[in-house]
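Biologist: Hi! Could you walk me through this structure?
Modeller: Happy to, let's open it up.

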Amino acid sequence: MEKIVAKNLQKIYANGQGIKSLSFSIGSGEFIGVLGHSGAGKTTLMRLLCGAVFPTSGSLCVMGQDMSTVTRTELIGLRRRIATVYQNFNVVPSLSVAHNVLLGKLGSSSLLTTLRSLLWLRSAETKKIAGLLYQLGIEEKFYERCQELSGGQQQRVAVARALFSDAEIVLADEPIASVDPATAGLILKLFFELKNSGRTVIMNLHQVSNAVQYCTRLIALENGELAYDGVPTEFTESEAYYRLIGKKSLALTGEEIYG
Ligand SMILES: Nc1ncnc2c1ncn2[C@@H]1O[C@H](COP(=O)(O)OP(=O)(O)OP(=O)(O)O)[C@@H](O)[C@H]1O
Ligand SMILES: [Mg+2]
């Protein structure tokens, strides 16, 4: 079954910018890399998918829910099934790393269970969170408040929070933008494992080489429109790729990270 179906999806902000007309469908177990220059519409697409903004026209269905007519209650239910790693991390500065990760399950547990967990971390949760932090190389930060962490460390907390959740769809907006290349590889591997467990992962990325290596499908946006939708191996042969790296196709130099 398709998890996400967009038909002529449009989201135009008051200033006339945004997403112009996108049509695609995404199933379970896909790891989609969304590429595009700054301002191409990647974050806008992600905000549409999690119901932070709504379509101006066209249609968007997320797990069977029409996002143009979704009610507030339906949206709360839907967000329980979607985990998001925001471009600006969105961690709670005054809470510890462990508690921030725990918030990943906020939607799927009852309020009482979550509040109890925030007061007394259960040993199973402690173990799982510690394991995730270890995998991400920040295990020693378990009890530290997020406001005391570097940008890259906060980004890893946001990643751990998404990995800790039971969400069916995981949206990640440039989750490796603030970490070193080795950590970036680690994070991408963890998201790849999520895809292997049947989750749908949609990730905005600026690094083409990483996208080609880990994603099962690439979508490239240009000025709010779809410039490529297909397998990663063919992307590097496409005109969209050459436009993305700012080179004419015959003058390819292997440049992979663009500004
Ligand atoms: N809240 C907003 N109000 C008005 N215009 C906006 C708003 N958010 C984004 N835009 C505009 O919509 C377009 C797409 O922005 P978006 O943030 O989706 O780009 P992006 O591909 O995520 O860029 P980046 O790689 O820099 O994060 C841009 O032209 C931007 O100026
Ligand atoms: Mg963005």
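Biologist: Which helix gives the largest share of the shell around ligand 1?
Modeller: Helix H1 (residues 42–49) does, with three residues. Helices (H or I, at least four residues) and strands (E, at least two) are DSSP runs, numbered from the N terminus. This is a predicted model, where local features need pLDDT of at least 70 and side-chain atom pairs count only at pLDDT 80 or more, while totals for chains, interfaces and linings use all residues. Residues are numbered from 1 along each chain as its sequence is written, and chains are lettered from A and ligands numbered from 1 in the order in which they are written.

Biologist: Which residues come nearest to ligand 1?
Modeller: Of 13 around it, Tyr-13, Ser-38, Lys-42, Thr-43 and Thr-44. Near means a C-beta atom, placed from the backbone, within 6 Å.

Biologist: New topic: where does Leu-95 lie?
Modeller: In the loop between strand E6 (82–85) and helix H3 (97–102).

Biologist: And why does Leu-95 count as partly exposed?
Modeller: Because Leu-95 has 17 C-beta neighbours inside 10 Å; 20 or more would be buried, 12 or fewer exposed, with C-beta atoms placed from the backbone.

Biologist: What does Leu-95 touch?
Modeller: Beyond four places in sequence, Asn-100, Arg-145 and Cys-146. Contact means C-beta atoms, placed from the backbone, within 7 Å.

Biologist: How about Val-101, what is in contact with that one?
Modeller: Leaving aside neighbours within four places in sequence, Val-101 contacts residues including Ile-129, Val-157, Ala-160 and Phe-164.

Methods: Two residues are in contact if their C-beta atoms, placed from the backbone, lie within 7 Å.
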